[in-house]
Amino acid sequence: MMGEREGIYEPNIVDRIINLLSYGTDMCHSQGCLGGYSFISFDMDGKIYPCETIGSKENCIGNIYSDEDLIEAIEKSLDKIPFFKDRHSDACYDCEYEPYCKGGCYSSIVSRGYECCDLMECSINKAIYENIIKTILEDWEMINRLAMGRVKIQPP
């Protein structure tokens with residue numbers, strides 16, 4: 001069972017609760033992630049990268065000095081750079097949580113040199129999602145307290 005205290009807000013757990021209950025609308029823990037749309041980085045030369053892929057030439061969105069519109073630069077790169085491509089891993093084929101994490105964090109996969117998926121996030125998701133599901137079924141009031149209004153479960 002998750003903690004019994006009120007007033008606790010752990011965004012990583014809450015994001016996962018919301019992902020389970022709304023099928024993936026939050027950043028980073030569902031459907032791959034929303035990095036590149038809601039989280040971008042800039043290098044010292046003004047190059048634009050999704051999430052934390054700074055220095056990855058193949059994932060460069062554009063340049064703040066030569067691209068007039070950031071949104072347009074992002075939209076033009078959606079079909080071109082690996083970061084935005086739909087990812088599926090054979091390692092995730094029979095995982096019940098695959099719809100929620102899609103192999104995990106792209107930046108983590110690249111920076112850690114993983115071949116298939118984000119192994120760290122995979123193990124975390126398997127442990128956390130199992131406990132979240134159990135808590136949703138057994139203590140929906142706890143979920144409401146943890147989510148602090150972002151979701152509201154009502155008694156059956």
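**Packing of helix H6 and selected residues in the predicted model**

The buried residues of helix H6 pack against helices H1 and H5. This description refers to a predicted model. The buried positions in H6 are Met142, Ile143, Asn144, Leu146 and Ala147.

The chain contains 6 helices and 3 strands. Read from the N terminus, these elements follow the order α-β-β-β-α-α-α-α-α. The chain has 156 residues, and 42% of them count as buried. Among the contacts in the chain with a separation of 6 or more, 46% are accounted for by residues 24 or more positions apart.

Two packed helices are described by the angle between their axes and the distance between the axes. For H1 (residues 11-22) and H6 (residues 140-147), the angle is about 120 degrees and the axes are 9 Å apart. H1 is therefore oblique to H6. The crossing of these two helices is left-handed. On the H1 side the residues involved are Val14, Ile17 and Leu21, and they meet Ile143, Leu146 and Ala147 of H6. Sorted by class, this contact of H1 with H6 comprises 6 nonpolar residues, with no polar and no charged ones. An α-helix has 3.6 residues a turn, so residues three or four places apart point the same way.

Helix H5 (residues 119-138) also packs with H6, at an angle of about 115 degrees and with the axes 5 Å apart. From H5, the contact is made by Ile132, Thr135, Ile136 and Glu138, and from H6 by Trp140, Met142 and Ile143. By class, the contact of H5 with H6 has 5 nonpolar residues, 1 polar residue and 1 charged residue. Ile143 of H6 takes part in the contact with H1, and Ile143 is also listed in the contact with H5.

The ends of H6 were examined next. Aspartate 139 lies in the loop between H5 and H6. Its relative accessible area is 15%, and because the cut-off for buried is under 20%, aspartate 139 counts as buried. The C-alpha atoms of aspartate 139 and isoleucine 153 are separated by 10.0 Å, while the two residues are 14 residues apart along the chain. H6 is followed by methionine 148, which has a positive phi near 45 degrees.

A positive phi also occurs in a loop elsewhere in the chain. Most residues other than glycine have a negative phi, and most peptide bonds are trans. Cysteine 51, a residue other than glycine, has a positive phi near 55 degrees. This cysteine is located in the loop between strand E2 (47-50) and strand E3. With a relative accessible area of 6%, cysteine 51 is buried.

Aspartate 67 is placed in the loop between strand E3 (62-63) and helix H2 (70-77). Its relative accessibility is 30%, so aspartate 67 counts as partly exposed. When residues up to four places away in sequence are not counted, aspartate 67 touches Gly62 and Ala73. The side chain of aspartate 67 also reaches the backbone nitrogen of asparagine 63, at 2.6 Å. Aspartate 67 and lysine 47 are 20 residues apart in sequence, and their C-alpha atoms are 9.8 Å apart in space.

Serine 77 belongs to helix H2. This serine is buried, with a relative accessible area of 3%. A polar atom of the serine 77 side chain lies 2.8 Å from the backbone oxygen of isoleucine 74. Leaving aside neighbours within four places in sequence, serine 77 is in contact with Ile61 and Phe84.

Conventions:
Residues are numbered from 1 along each chain as its sequence is written. This is a predicted model: local features need pLDDT of at least 70, side-chain atom pairs count only at pLDDT 80 or more; totals for chains, interfaces and linings use all residues. Side-chain values use heavy atoms; hydrogens and water are left out. Helices (H or I, at least four residues) and strands (E, at least two) are DSSP runs, numbered from the N terminus. Buried means under 20% relative accessible area, exposed over 50%, partly exposed in between (1.4 Å probe, protein chains only). Contact means heavy atoms within 4.5 Å. A polar contact is a pair of N or O atoms within 3.5 Å; within protein, one must be able to donate a hydrogen and the other to accept it, and residues adjacent in sequence count only if both atoms are side-chain atoms. Axes are lines fitted to C-alpha atoms, for helices over the stretch in contact, and angles run from 0 to 180 degrees between N-to-C directions. Angles under 35 degrees count as roughly parallel, over 145 as roughly antiparallel, 65 to 115 as roughly perpendicular and the rest as oblique. A crossing is left-handed if the near helix is turned anticlockwise from the far one by less than a right angle, and right-handed if clockwise. Ala, Val, Leu, Ile, Met, Phe, Trp, Tyr, Cys and Pro count as nonpolar, Asp, Glu, Lys and Arg as charged, and the others, Gly among them, as polar.
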